[in-house]
Amino acid sequence: SGLFRRLQQGVYFPDHKITVGDVEMPTVILGDPAYPLMPWLMKPYTGALDSERELFNYRLSKCRMVVECAFGRPKGRWRSLLTRSDLSPKNIPIVIAACCVLHNLCEIKGETFMLGWEVEANRLAADYAQPDTRAIRRSQRDALRIWEALKARFQTEQGNQ
């Protein structure tokens, strides 16, 4: 996608770099374990976890929860957001925006929202695998340095904020 290409090239957030430890990093997007680790996309550690990795995952999860809740309810209400769309790529943002507007209207008007809808939406979304490309594999080394720098930062007092 165009978004992927801009993030890969470092032009999406060009002037927003920070330094953590001795590692300079771009603004990062937070993803779940299904996504590939990229310098601009942080995800939780998987497998056997030591206490540092558990703390990293916990802090990453706290940040992601806000976004997950914001998207979980619209995905539960509008199933079209869960599957691949056959629409023109030009029309997809319009449909997503319309779903968000309609969802907000339903929320404002107190329309019923079944909690099972969100659970089912999350279960279905977990079935969609992410692509594994050469560009992703090339970025792994840089992403691992950022991952480790963030993990180390989360162990410090400043990281507790």
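The model is predicted, so local features need pLDDT of at least 70 and side-chain atom pairs count only at pLDDT 80 or more, while totals for chains, interfaces and linings use all residues. Residues are numbered from 1 along each chain as its sequence is written, and side-chain values use heavy atoms, with hydrogens and water left out.

Six aromatic pairs are present in the structure. Rings of Phe, Tyr and Trp (its six-membered ring) pair if their centres lie within 6.5 Å; planes under 30 degrees apart are stacked, those over 60 are edge-to-face and the rest are tilted. Phe4 and Trp40 make an edge-to-face pair, with 5.7 Å centre to centre and 80° between the planes. This pair links distant parts of the chain, 36 residues apart. Phe4 belongs to helix α1 (residues 2–9), and Trp40 to the loop between β3 (29–30) and β4 (41–42). Helices (H or I, at least four residues) and strands (E, at least two) are DSSP runs, numbered from the N terminus. Accessibility separates the two rings. Phe4 is partly exposed at 26% relative accessibility, whereas Trp40 is buried at 10%. Here buried means under 20% relative accessible area, exposed over 50%, and partly exposed in between (1.4 Å probe, protein chains only).

A further pair joins Phe113 and Trp117: the ring centres are 5.4 Å apart and the planes lie at 80°, so the pair is edge-to-face. Phe113 is buried at 12% relative accessibility; Trp117 is partly exposed at 30%. Arg73 lies over the face of Phe113, 4.0 Å from the ring centre. Such a charge sits over a ring if NZ of Lys or CZ of Arg is within 6 Å of the ring centre and within 35 degrees of the ring normal. Elsewhere, Tyr45, Phe56, Trp147 and Phe154 form one aromatic cluster.

Beyond its neighbours within four places in sequence, Met42 is in contact (heavy atoms within 4.5 Å) with residues including Leu60, Ile146, Trp147 and Leu150.

Strand β2 has a covered face, Val23 and Met25, and an uncovered one, Glu24 and Pro26. Strands β1 (residues 17–20) and β2 pair in the antiparallel sense over four bridges; pairing requires at least two DSSP bridges between strands. Thr19 has Glu24 as its bridge partner, and Val20 has Val23. Two residues lie between the strands of this hairpin, where Gly21 takes a positive phi near 65°.

His103 lies in helix α3 (residues 92–108). This histidine is buried, at 5% relative accessibility. A polar contact of 3.0 Å joins its side chain to that of Arg77. A polar contact is a pair of N or O atoms within 3.5 Å; within protein, one must be able to donate a hydrogen and the other to accept it, and residues adjacent in sequence count only if both atoms are side-chain atoms. Leaving aside neighbours within four places in sequence, His103 is in contact with Arg73, Pro74, Arg77 and Trp78.
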